[in-house]
Amino acid sequence: MAIANEIRRLRFEAGEMTQAALAERIGMTRQTVIAIEQGKYAPSLEAAFKIADAFGVTITDVFRWTKD
Amino acid sequence: MSFREKSAWIALTSYGLVFGAYFILLAWSWDERYGLGLSIGLMVAAVVALIAIAAALTILAAITSPKEANAPADEREQLIDLKAERLSSYALSTCVVLLIGALLIGWNGLLVANLLLASMVIAELVKALAQIIAYRRGA
């Protein structure tokens, strides 16, 4: 997967926000949040913006593209 | 396990059990003279059993995770569904083409009709299996 993310760290910094809480805020299932966090699923642009918005950061603070 | 993965397991189990029993019973009691009546009778019983089993298991799954059961599929679940549908349509198309060939070389119409039904069941099983694999992988 060429898209890495900082969701785990951001959840920790947001007072150990649970995956379920994040899922609820962005309108997805907990399983999808787990898949995104583990880099198994690359979310749509809309979902990526929603995740960034949930943490109050920009999209590039959450996701970064790595050449590999 | 998500509600939609449970639904895929329910589809796999109910289709496998009901139509597995249907085709085994049909093969055991096959008689050219009563083939049509036998097929229709067994099919009605199979459809009723399928609806009953799938409904009961789905209600049970919904009771254990009511929030997810009422929520629409998210983008990853929709993608998994689409990929599974595509594999399922390949399976169905392949079976249909083979059965057209079987009809052209003179296979019995009732037999081909039952094999068409088997093709639809195979397509459903492929779909459910593809969904389960995708959910298990987390992709």
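A residue counts as buried if 20 or more other C-beta atoms lie within 10 Å of its own, as exposed if 12 or fewer do, and as partly exposed in between, with C-beta atoms placed from the backbone. Helices (H or I, at least four residues) and strands (E, at least two) are DSSP runs, numbered from the N terminus.

This is a predicted model, in which local features need pLDDT of at least 70 and side-chain atom pairs count only at pLDDT 80 or more, while totals for chains, interfaces and linings use all residues. Residues are numbered from 1 along each chain as its sequence is written, and chains are lettered from A and ligands numbered from 1 in the order in which they are written.

1. **Helix α3 of chain A.** This helix covers residues 30-37. Buried in α3(A) are A:Gln31, A:Thr32, A:Val33, A:Ala35 and A:Ile36. What do these buried residues pack against? Within chain A, they meet β1 (3-5), α1 (7-13) and α2 (19-26); from chain B, they meet α4. Just after α3(A) comes A:Gly39, with a positive phi of about 75°.

2. **Chain A overall.** Chain A has five helices and two strands. Their order from the N terminus is β-α-α-α-α-α-β. The radius of gyration (over C-alpha atoms) of chain A is 11 Å, close to the 11 Å that the globule rule (2.2 Å times the number of residues to the power 0.38) gives for 68 residues, so chain A is as compact as a globular protein of that length. The C-alpha trace spans about 30 × 20 × 20 Å along its principal axes. Of the 68 residues of chain A, 28% count as buried.

3. **Contacts within chain A.** Two residues are in contact if their C-beta atoms, placed from the backbone, lie within 7 Å. Take the contacts in chain A between residues at least 6 apart in sequence: 54% join residues at least 24 apart.

4. **Chain B overall.** Chain B has five helices and zero strands. Its elements run α-α-α-α-α from the N terminus on. Along the principal axes, the C-alpha atoms of chain B fill a box of roughly 50 × 30 × 20 Å. Buried residues make up 19% of its 139 residues. Among chain B contacts between residues at least 6 apart in sequence, 82% join residues at least 24 apart.

5. **α1 against α5 in chain B.** Helix α1(B) is residues 3-28 and helix α5(B) is residues 109-137. Their axes (lines fitted to C-alpha atoms over the stretch in contact) come within 9 Å. They cross at roughly 155°, on a scale from 0 to 180 degrees between N-to-C directions. The two helices are therefore roughly antiparallel (over 145 degrees). Residues of α1(B) in this contact include B:Trp9, B:Leu12 and B:Phe19. Those of α5(B) include B:Val121, B:Leu125 and B:Ala128. By class, the contact has 15 nonpolar, three polar and two charged residues. Ala, Val, Leu, Ile, Met, Phe, Trp, Tyr, Cys and Pro count as nonpolar, Asp, Glu, Lys and Arg as charged, and the others, Gly among them, as polar.

6. **Where the chains meet.** The contact takes eight residues from chain B and twelve residues from chain A. On the chain B side, α4(B) gives the most, with three residues. That side of chain B divides into one nonpolar, two polar and five charged residues.

7. **B:Arg86.** This residue lies in α4 of chain B, residues 75-104. Is B:Arg86 buried or exposed? B:Arg86 is exposed, because 12 other C-beta atoms lie within 10 Å. B:Arg86 and B:Ala128 are 42 residues apart in sequence and 12 Å apart in space, C-alpha to C-alpha.

How values were computed: Angles under 35 degrees count as roughly parallel, over 145 as roughly antiparallel, 65 to 115 as roughly perpendicular and the rest as oblique.
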